[in-house]
There are 2 protein chains.
Amino acid sequence: MNDVARLAGVSIKTVSRVVNDEPSVHPDTADRVLAAIERLGFRRNLGARNLRRGSGTGTLGLIVEDVGNPFYSELHRAVERIAIRHGRRVLTGSSEEIPDRERELALEFCARRVDGLLVVPAGTRHGYLLPEMRAGTPVVFVDRPPGDIAADTVLVDNAGGTAAAVAHLVAHGHRRIAFVADSPEIFTAAERLRGFREGCATAGVPCAERLVVMRTPTRESVAEAAHRVLTCPDPATAVVAGNNRVTVHLVRALAGAGRRPALVGFDDFELADLLDPPVSVVAHDVSALGEAAAELLLARVRGDQSPPRKVVLPVRIEARGSGEVAA
Amino acid sequence: MNDVARLAGVSIKTVSRVVNDEPSVHPDTADRVLAAIERLGFRRNLGARNLRRGSGTGTLGLIVEDVGNPFYSELHRAVERIAIRHGRRVLTGSSEEIPDRERELALEFCARRVDGLLVVPAGTRHGYLLPEMRAGTPVVFVDRPPGDIAADTVLVDNAGGTAAAVAHLVAHGHRRIAFVADSPEIFTAAERLRGFREGCATAGVPCAERLVVMRTPTRESVAEAAHRVLTCPDPATAVVAGNNRVTVHLVRALAGAGRRPALVGFDDFELADLLDPPVSVVAHDVSALGEAAAELLLARVRGDQSPPRKVVLPVRIEARGSGEVAA
DNA sequence: TCGTCGGGAGACAACGTTGTCATGATGTCG
DNA sequence: CGACATCATGACAACGTTGTCTCCCGACGA
């Protein structure tokens with residue numbers, strides 16, 4: 001900026017005036033400055049600007065489990081869309097479901113002075129965020145609630161979804177229904193299990209513990225779980241999958257099998273309708289989730305001080321055939 | 001930091017020493033300072049730090065078409081992985097395939113003083129980046145080359161891929177092969193068309209212009225294209241799809257049809273193997289693409305001044321059945 | 001003619017850090 | 001016992017901006 005000022009024969013402050021197009025700069029002067037800027041390839045340093053102005057950095061932080069997972073990338077996209085609309089960029093990080101990495105990312109984003117933080121929590125303890133929140137960085141939790149603090153949270157109706165899945169299967173005559181999901185330490189998995197049990201209770205069908213398998217879904221672990229619930233005494237005739245990865249692994253595990261159980265997945269996924277049979281799912285609007293969270297966060301950024309809010313978005317059964325297999 | 005210093009009864013510089021754990025601070029003093037930091041919830045301002053140190057901001061910029069597209073989110077993930085390994089974060093933006101948005105994002109990222117920029121270009125003119133590059137921000141182009149400047153570029157073997165797809169189909173007896181792809185203004189689409197033609201020439205099969213349809217793939221446009229190439233005189237018996245979206249739309253369009261053409265897609269996608277028939281594709285390693293680009297960029301950040309490099313990653317045919325349908 | 005007003009521009013400080021240098025206290029060695 | 005290295009700390013400037021205040025000058029009304 002100094003160089004620009006020298007080249008244009010003005011003071012540094014006048015250059016500042018020009019780049020911020022403040023009024024009360026003589027057009028001729030402005031032209032000289034613009035020419036100098038052009039010639040030197042000057043670009044103002046936003047970091048310094050933000051420091052001086054004390055305003056925010058125009059950045060939102062987003063922490064998810066894995067930016068490469070389609071579920072989270074759709075979330076990311078929705079957040080980005082809202083952020084852009086408010087003139088902000090998104091800084092993203094993958095926690096890899098490791099609480100320490102979540103914490104590290106969150107604190108670093110705060111050190112970078114993001115205007116606000118969106119977190120899909122990996123851990124269950126979030127006291128470390130309290131100082132930051134008190135210091136004025138609003139935080140909104142997405143898809144899962146914080147562990148031990150009160151804060152804005154946007155969720156989907158997990159329990160309602162699995163309960164509906166069970167009802168759907170029972171309506172097609174199933175009475176021995178399995179539930180295969182992620183580890184119960186994960187909030188969504190635990191909630192979906194709760195809904196599964198409630199659904200069973202409501203429908204008056206038994207909920208056999210041996211038909212419930214919960215652990216981190218890998219291709220192998222899900223295949224093993226499928227084998228177990230389908231070959232035990234009184235085997236399952238239908239399966240509820242706890243999330244999109246479980247569903248995909250299950251579809252793969254069942255692909256070779258002869259007689260297949262009915263299946264309802266949680267989370268919609270591309271091509272579900274083109275599989276054979278098409279996979280019924282508990283669908284929810286991931287974009288709406290991201291948008292709601294981002295809007296809530298931005299309201300906080302703008303100064304909304306009302307008590308922490310909890311938003312629960314609805315889910316719906318997307319019946320495509322795999323759930324309609326008769327018992 | 002002032003407050004911390006006051007509370008700990010030391011100078012602000014000593015606080016700085018503690019947070020950077022420089023040696024030569026008396027342990028007792030350090031403890032007092034740490035206590036004060038804890039009590040006040042102090043977090044150092046990385047913006048100010050970066051400004052003062054003149055070092056980079058520890059950030060890489062990544063511009064893609066759409067962070068929500070699985071192809072780009074996998075790329076994002078790979079870039080993030082490498083960035084983290086070098087202690088850096090990733091600032092991402094979606095250009096939405098609009099040259100002006102690409103430019104706007106790139107320049108803003110430069111103004112934020114990213115250490116380097118990864119760009120999947122939307123436009124074909126990149127002169128606007130020259131000043132930034134001269135000013136020391138390295139730029140690496142990913143998946144598509146820059147329009148009118150010389151710069152590092154990491155691509156996949158687009159032409160080789162479609163040529164191989166044609167060879168694969170010819171080997172199964174096909175002689176009337178269609179090519180459905182994105183608009184030829186998109187570099188990858190144009191290259192794949194070139195490879196398609198070369199493949200036809202090499203195999204000695206005709207390349208009828210009416211079997212080539214190129215435009216922005218939507219569900220409708222692809223369905224229409226499929227209908228056209230399959231119902232014209234001398235209709236196609238096989239189709240090469242130009243990218244993952246075209247492939248998915250094609251699968252959907254063909255799902256209801258009776259006798260289906262053979263199909264080879266470009267870009268692998270989840271569940272391709274579980275469709276009926278499983279979809280053969282020209283596969284390439286998106287993670288490798290992102291990693292190679294990020295590594296190259298980081299080498300530049302570290303000061304590598306060698307001439308611009310062009311890296312072309314290999315592709316391979318993933319034969320799953322849909323390409324083996326006999327003519 | 002004088003006082004006033006407003007446009008155009010610059011000097012200076014400050015944002016929150018850290019690099020450089022200086023200081024005083026303490027210990028060490030010949 | 002003096003010269004000197006070492007340790008612990010602080011004062012100060014600087015990074016690249018922008019907010020505030022001030023100054024100058026020409027125009028305008030009384």
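The side chain of B:Thr231 comes to 2.6 Å from the backbone oxygen of B:His227. This value, like the others in this report, is computed from a predicted model. B:Thr231 belongs to helix H10 of chain B, which covers residues 219–231. A separation of 21 residues in sequence lies between B:Thr231 and B:Arg252, and their C-alpha atoms are 17 Å apart in space.

## The interface between chains A and B

The size of an interface is often expressed as the accessible area that is lost when the parts come together. For chain B and chain A, the buried area is about 4300 Å², and carbon and sulfur atoms contribute 54% of it. On the chain B side 49 residues are in contact, and they meet 49 residues of chain A.

How many salt bridges are counted between chain B and chain A? The count is 10. One of the salt bridges joins the side chains of A:Glu108 and B:Arg89, with an N to O distance of 2.7 Å.

Several elements of chain B each supply at least two residues of the side that touches chain A: helix H4 (46–53), helix H5 (70–85), strand S2 (89–94), helix H6 (99–111), helix H7 (130–134) and helix H11 (244–255). H6(B) provides the largest share, seven residues. By residue class, this side of chain B consists of 19 nonpolar, 13 polar and 17 charged residues.

Strand S2 of chain A, residues 89–94, runs antiparallel to S2(B) and is joined to S2(B) by three bridges. Within this pairing, B:Val90 of S2(B) stands opposite A:Thr92.

The open sheet that contains these strands has 12 strands and mixed pairing, in the order S11(A)-S5(A)-S4(A)-S3(A)-S1(A)-S2(A)-S2(B)-S1(B)-S3(B)-S4(B)-S5(B)-S11(B). Its edge strands are S11 (310–313) of chain A and S11 (310–313) of chain B, each pairing on one side only. On average, neighbouring strands of the sheet are turned by 20° against each other, with direction ignored.

Within chain B, strand S4 (residues 139–142) and strand S5 (residues 152–156) run parallel and are connected by three bridges. B:Val140 has B:Asp152 as its bridge partner in S5(B).

## The six-strand sheet of chain B

Chain B also has an open sheet of six strands with mixed pairing, ordered S7-S6-S8-S9-S10-S12. Why is one side of strand S7 (212–214) and of strand S12 (316–318) of chain B left without a neighbour in the sheet? Both strands stand at the edges and each has a single partner strand, so one side of each has no neighbour there. The twist from one strand to the next averages 20°.

Strand S6 of chain B, residues 177–181, pairs with S7(B) in the parallel sense over three bridges. In S7(B), B:Val213 is the bridge partner of B:Val180.

Notes
Residues numbered from 1 in each chain as written. Chains lettered and ligands numbered in written order. Predicted model: local features only at pLDDT ≥ 70, side-chain atom pairs only at ≥ 80, totals over all residues. Heavy atoms only, no water. Contact = heavy atoms within 4.5 Å. Buried area = accessible area lost by both parts, 1.4 Å probe. Salt bridge = Lys/Arg side-chain N within 4 Å of Asp/Glu carboxyl O. Helix = DSSP H or I, 4+ residues; strand = E, 2+ residues; numbered from the N terminus. Nonpolar A, V, L, I, M, F, W, Y, C, P; charged D, E, K, R; others polar. Pairing = 2+ DSSP bridges. Axes fitted to C-alpha atoms, helices over the stretch in contact; angles between N-to-C directions. Polar contact = N/O pair within 3.5 Å; in protein donor to acceptor, adjacent residues only side chain to side chain.
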